[in-house]
Amino acid sequence: MSSENGKRLLETDAGGLNFEATELTLGLPGEPRVTSDGGAKLGSKRGFSETVDLKLGDNNQEVKLGHSLQEAAKSPVSKTQVVGWPPVRGFARRGKKSCKYVKVAVDGAPYLRKVDLEIYNSYQQLLTSLEDMFSCFTIRNYLNEKKIDQVNGIEYMPTYEDKDGDWMLVGDVPWQMFVESCKRLRLMKSSEAVGLGLKTAPKYSSTN
Amino acid sequence: MSEQMSDDDERQQSPPSDLDFTSNKARTCIVTGSVSGHTEFQSPYPDQVLENVLENVLHFLTSRRDRNTASLVCKSWYRVEALTRSELFIGNCYAVSPARATARFTRVRALHLKGRPRFADFNLMPPDWGAHFNPWVLAFAKACPWLEKVYLKRMSVTDDDLATLAESFLGFKELVLVCCDGFGTGGLSIFVSKCRKLKVLDLIESEVSDDETDWILCFPEGESHLESLIFDCVEYPINFEALERLVARSPSLKKLKLNRYVSIGQLYRLMVQAPQLTHLGTGSFSPSEIAGQGDQEPDYVTAFAACKSLVCLSGFREIIPDYLPAIYPICANLTSLNFSYANITAEQLKPIISNCHKLQVFWVLDSICDEGLQAVAATCKELRELRVFPVDAREDSDGPVSEVGFQAISEGCRKLQSILYFCQRMTNAAVIAMSRNCPDLVVFRLCIMGRHRPDHVTGEPMDDGFGAIVMNCKKLTRLAVSGLLTDKAFDYIGRYGKLVRTLSVAFAGDSDMALKYVLEGCPQLQKLEIRDSPFGDAALCSGLHHYYNMRFLWMSSCRLTYQGCQQIARAMPRLVVEVIRSADEEEMDVCVQTLYMYRSLEGPRNDAPKFVTIL
């Protein structure tokens with residue numbers, strides 16, 4: 001029975017119902033679910049753990065579905081980054097002239113994380129990365145009916161403390177200005193973000 | 001590396017004054033299995049005399065491999081060896097429990113523990129997997145209060161643990177934390193304030209959280225015994241004035257490695273206080289932002305020239321290359337140079353490296369390009385260890401270094417023993433050349449960053465290159481492979497890699513045969529870490545004869561199933577078989593994302609998090 005389940009999860013859903021969000025993957029916390037245009041999973045049970053394609057506009061059409069174990073393990077080289085590869089220790093940022101490390105707190109999370117804002121080029125990249133970092137925490141809190149997009153959606157609002165000590169909503173200012181003025185980040189529960197004066201989630205254009 | 005114990009040891013049956021804390025990786029942890037003994041002596045008196053003699057003799061045995069062997073001779077030797085073992089090395093903290101360790105070895109002075117597997121460094125394991133120092137520190141606090149030295153690698157240490165360490169062991173002298181986490185500046189503050197006899201505090205590549213406490217200020221006043229203070233991994237500013245005063249009152253200080261919040265001007269002030277340093281980590285090696293344009297620059301050259309004993313130089317965390325000439329005076333004495341944080345060009349490197357005739361260890365960024373490596377090869381004839389790290393650690397970035405620099409090194413540095421080389425392109429020819437030019441190689445780690453990348457000249461897999469390495473480098477004990485590799489490469493490894501103890505495999509091999517070759521062919525294999533390779537249950541089974549001889553096996557994103565792992569677990573009761581899944585996966589799935597298994601005397605651990613299933 002279980003092997004059947006495994007197989008079913010690997011198939012594309014042609015029926016139009018969006019099973020994407022409910023599909024279980026073997027990604028470790030820190031790995032986002034990768035979707036190509038067809039809504040099919042890339043190697044969700046086999047093959048490489050993929051992160052989101054950070055190279056904008058370089059959609060990888062050639063990576064096959066992971067329905068064949070053989071193929072998945074030897075899929076052609078994709079341009080996407082793979083978790084933990086190359087094996088250089090993550091926080092040892094070598095040779096970087098500038099590093100803008102800021103602490104990231106998530107309301108209710110028992111630990112802080114750090115991100116280096118210099119490695120991102122846009123709000124989208126930053127938020128995707130935050131999503132990865134805190135995905136495991138979030139999902140533990142909810143029944144896994146639907147993966148909740150905790151950054152852009154219902155539950156959490158990304159906020160930051162700027163140079164003047166004010167708490168602002170992430171996305172208001174141009175990216176570079178944000179990088180320079182941001183001192184720390186906080187993913188605030190939406191219910192508490194009332195004071196920031198925004199009721200709807202801000203829109204982030206990918207060109208920002 | 002050997003360190004002298006202090007002479008003020010008052011215990012009657014004290015260990016000798018040389019405590020040889022070697023970092024050579026001898027095999028095995030604690031002896032498993034029962035000791036078959038037979039009484040050799042009839043009367044108690046000769047027995048006692050012989051035991052005393054034995055005890056005195058065994059004191060001099062320092063190698064843990066020898067000690068393990070000695071302990072197997074008979075019960076008497078087992079007992080005496082246990083009494084005289086002063087340095088305890090445990091390669092996997094879950095292989096044996098703290099209770100068992102303290103029950104057997106009651107007079108331990110130094111504890112060396114390793115926790116998480118290495119692939120955890122690359123985000124292949126969720127956080128909070130385990131490897132907690134806490135049960136160890138509590139057990140040792142009760143049973144071995146004369147513990148003086150703790151060396152931890154990849155373990156989780158809390159602030160409370162640091163407090164316990166400082167409070168429970170009155171003569172505590174040395175703490176070395178490598179790739180550890182879980183503690184912060186608050187814990188450090190307590191630790192340094194209470195350890196009055198502290199000689200060594202080395203924080204190496206560890207993650208230290210910022211509790212916003214001034215831990216440097218917490219070192220007690222008065223003359224300090226500090227010999228080594230390493231904190232280059234601490235990513236927060238420190239109180240420089242307090243540090244300056246600390247250095248001034250530490251006449252024995254030999255090793256000082258600063259973090260990137262120390263400017264070059266501040267470095268100067270410290271060097272002037274401590275010209276006796278042998279190991280220096282320079283901090284940022286750039287001026288602070290506050291320094292004015294017209295300010296008089298200190299005479300850095302003289303400061304360096306005054307450090308006549310300096311042999312090991314590192315740091316350069318935010319280097320301004322204009323300041324590099326300051327180190328010219330000491331280049332000729334250097335045996336170890338770490339430029340792996342310095343984004344410098346070949347032109348900037350050349351004037352330095354051309355004077356480093358005695359250099360044995362060199363870590364550098366690939367920003368120096370093949371040309372820089374050629375300069376290294378031209379001068380550094382004594383080079384034993386080379387590590388070339390990528391500035392841009394992505395698969396498809398430009399590769400400033402290639403087989404050209406690699407081959408140049410092999411031709412110039414014939415005494416090479418250890419190499420770690422990140423690149424984007426490589427050829428079999430260059431690897432074969434190195435296998436012939438550098439027969440003393442013990443560690444060979446080549447990372448071709450593009451997955452499945454073949455020889456870029458011939459288009460062939462990299463099988464022959466790695467094959468040549470295992471064939472020609474007869475002393476090889478550690479190997480990491482990469483690039484496009486077929487089963488043939490593993491056939492070579494199994495056939496010729498008879499001394500290989502550590503093997504790292506990623507994105508390689510065609511079939512189960514590859515893993516079989518290795519498991520059946522490499523009798524010394526201790527640590528095997530594999531990721532994203534097409535090896536399944538059948539291959540796993542082929543290693544049953546060997547798993548008790550290994551420290552661990554790691555396989556992630558391969559083709560293992562629960563059934564297969566279950567089989568192993570049933571067949572081998574002394575093996576702990578952990579299946580690690582991603583934190584958001586609730587169901588027990590057919591396929592195993594990560595298998596981590598290791599021998600253990602204790603059975604399944606009781607601190608496993610939810611995402612770990614022990615079969």
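**A guided look at chains A and B**

Visitor: Which is F316(B), buried or exposed?
Guide: The relative accessible area of F316(B) is 0%. Buried means under 20% relative accessible area, exposed over 50% and partly exposed in between, computed with a 1.4 Å probe on protein chains only. F316(B) therefore counts as buried.

Visitor: What kind of model is this?
Guide: Residues are numbered from 1 along each chain as its sequence is written, chains are lettered from A and ligands numbered from 1 in the order in which they are written, and side-chain values use heavy atoms, with hydrogens and water left out. Local features need pLDDT of at least 70, side-chain atom pairs count only at pLDDT 80 or more, and totals for chains, interfaces and linings use all residues, for this is a predicted model.

Visitor: Where does the cis peptide bond of W85(A) lead?
Guide: Chain A runs α-α-β-β-α-β-β-α-β from the N terminus. Between α2 (69-73) and β1 (101-106) of this chain lies a loop that holds P86(A). With omega of about -5°, the cis peptide bond joins W85(A) to P86(A).

Visitor: How many disulfides are there over all chains?
Guide: A disulfide is a pair of cysteine sulfur atoms within 2.5 Å. The sulfur of C331(B) lies 4.1 Å from its closest cysteine sulfur, in C356(B), and is therefore too far for a bond. Over all chains, the number of disulfides is zero.

Visitor: Which residues have the most contacts inside the largest nonpolar core?
Guide: In soluble globular proteins, nonpolar side chains tend to be buried together. A nonpolar core is a set of buried Ala, Val, Leu, Ile, Met, Phe, Trp, Tyr and Cys residues joined through side-chain atoms within 4.5 Å. Leaving aside residues up to four places away in sequence, F444(B) touches several residues, including F406(B), I419(B), V431(B) and F466(B) (contact means heavy atoms within 4.5 Å). The largest core has 180 residues, and those with the most contacts inside it are F339(B) and F444(B).

Visitor: How many residues are in the second, separate core?
Guide: Chain A has 208 residues, of which 46% count as buried. The second core includes V102(A), V115(A), Y160(A) and V173(A). The size of this separate core is 23 residues.

Visitor: At what angle do the axes of helices α2 and α3 of chain B cross?
Guide: In an unreviewed entry, UniProt lists residues 47-86 of chain B as "domain: COI1 F-box"; its positions are given in the numbering used here, feature names are shortened, and annotations may be inferred rather than shown by experiment. Over these residues the chain is 75% helix and 0% strand. R67(B), A70(B) and S71(B) in α2(B) meet W77(B), Y78(B), E81(B) and T84(B) in α3(B). The axes (lines fitted to C-alpha atoms over the stretch in contact, with angles from 0 to 180 degrees between N-to-C directions) come within 8 Å and cross at roughly 150°.

Notes: Helices (H or I, at least four residues) and strands (E, at least two) are DSSP runs, numbered from the N terminus.
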